[in-house]
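Here is a set of questions and answers for a reader who is new to this structure. Please look over the sequence and the model before reading on.

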Amino acid sequence: MGRVAVVTGAASGMGLAIAQRLAGRGDRVALVDLDGEGAERAAAELGADVAMGAAVDVSDRGAVDAALASVRERFGPIEIMVTSAGFDRFDAFTDITVESWERMLAVNLTGTFHCVQAAVPDMLAAKWGRIVTISSSSAQSGAARMAHYVASKGGVIALTKALALELAPNGITVNTIPPGFILTPMARRAEERGDLPSLEAVAARTPVRRAGTADDIAAACAFLCSDEAGYITGQALNVNGGWYL
Ligand code: NAP
């Protein structure tokens with residue numbers, strides 16, 4: 001029997017690909033997303049014996065706690081937590097409202113904190129755990145018109161590193177994947193709005209000459225969630241097609 005995993009943002013893009021990959025290798029997976037219907041649908045496709053979906057806004061601690069309680073009831077203690085839920089925005093710095101700044105931090109950073117903190121007691125009890133946060137290469141390079149997003153993802157990288165040191169003696173690894181340009185619904189929407197360059201332009205300036213896929217991220221994430229990755233913690237695994245950051 002595989003591990004028990006929770007993947008946030010699992011109705012779409014990278015979170016969905018990660019949930020599918022973990023289920024494919026034998027883990028039981030809870031797909032958590034703001035889009036509860038999408039999460040339920042994806043879970044149903046994987047099969048009720050190995051997957052469940054839950055509608056959760058990760059910025060709402062009560063909702064996170066309730067969802068994880070139902071995962072424990074259904075599958076048992078949580079052994080793997082992958083936080084992919086997040087959203088982007090493109091605003092000139094002077095146009096960023098206090099509300100928009102606070103919502104960005106509430107979902108991307110505090111949402112990560114809620115999900116990880118709610119799952120860690122199970123891992124401490126088991127003396128085994130795998131935590132992978134999905135951050136962003138933009139937090140390593142900076143990105144114009146994304147100060148709020150970049151700050152939130154920088155916080156995710158820093159949180160990951162701090163937790164790695166604190167949890168390592170307990171058999172729990174904590175790593176982050178800062179994706180480069182990955183072709184998901186989020187990236188397509190940004191491209192369509194003109195907030196990101198065209199896919200062709202991104203591919204042309206990426207060393208491997210293509211945009212990334214959600215499966216590129218899922219493969220790296222599954223490795224970090226494996227037994228074999230037990231000596232890797234506190235790392236940012238850059239899945240970005242060779243961008244030098
Ligand atoms: P995606 O296709 O939009 O998937 C993100 C999922 O997260 C969506 O299903 C979204 O639901 C959900 N979500 C948003 N806010 C949430 C909340 N408050 N609570 C629970 N779920 C929430 O995007 P993606 O490209 O796979 O992105 C996955 C992660 O990678 C994000 O954290 C993103 O910032 C990061 N990232 C993406 C790229 C890229 O190039 N795509 C690059 C670097 C980093 P709704 O659709 O209902 O809002």
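Q: Is the crossing in which H1 passes H9 left-handed or right-handed?
A: In this predicted model, the two helices meet through residues that include Met14, Ile18 and Leu22 in H1, and Ile217, Ala218 and Cys221 in H9. The way in which H1 passes H9 makes the crossing right-handed.

Q: Is H1 roughly parallel or oblique to H9?
A: Two packed helices are described by the angle between their axes and by the distance between those axes. Here the axes of H1 and H9 come within 8 Å and cross at roughly 50 degrees. That angle is why H1 counts, relative to H9, as oblique.

Q: Which element gives the largest share of the largest nonpolar core?
A: The largest nonpolar core has 32 residues, and Ile18, Leu22, Leu31 and Ile177 have the most contacts inside it. Among the elements that give two or more residues to this core are helix H1 (13-24), strand E2 (28-33) and helix H9 (214-224). The largest share, seven residues, comes from H9.

Q: Which residues is isoleucine 18 in contact with, leaving aside its neighbours within four places in sequence?
A: Isoleucine 18 is one of the residues with the most contacts inside the largest nonpolar core, and it is also one of the H1 residues that meet H9. Leaving aside those neighbours, its contacts are Val7, Val82, Ile134, Ile217, Ala218 and Cys221.

Q: How many disulfides does the structure hold?
A: The sulfur of cysteine 221 lies 4.1 Å from the closest cysteine sulfur, that of cysteine 225, which is too far for a bond because a disulfide needs the two sulfur atoms within 2.5 Å. For cysteine 115, the closest cysteine sulfur is in cysteine 221, at 14 Å, again too far for a bond. The number of disulfides in the structure is zero.

Q: What is the relative accessible area of cysteine 115?
A: A second, separate core of 29 residues includes cysteine 115, together with Met52, Phe75 and Ala118. Cysteine 115 is buried, and its relative accessible area is 3%.

Q: Is arginine 209 buried or exposed?
A: Arginine 209 sits in the loop between helix H8 (199-204) and strand E8 (212-213), and it has a positive phi of about 65 degrees although it is not a glycine. Its relative accessible area is 54%, so arginine 209 counts as exposed.

Key:
Residues numbered from 1 in each chain as written. Predicted model: local features only at pLDDT ≥ 70, side-chain atom pairs only at ≥ 80, totals over all residues. Heavy atoms only, no water. Core = buried A, V, L, I, M, F, W, Y, C linked by side-chain atoms within 4.5 Å. Buried < 20%, exposed > 50% of the residue type's maximum accessible area, 1.4 Å probe, protein only. Helix = DSSP H or I, 4+ residues; strand = E, 2+ residues; numbered from the N terminus. Contact = heavy atoms within 4.5 Å. Axes fitted to C-alpha atoms, helices over the stretch in contact; angles between N-to-C directions. Parallel < 35°, antiparallel > 145°, perpendicular 65-115°, else oblique. Left-handed = near helix turned anticlockwise from the far one by under 90°.
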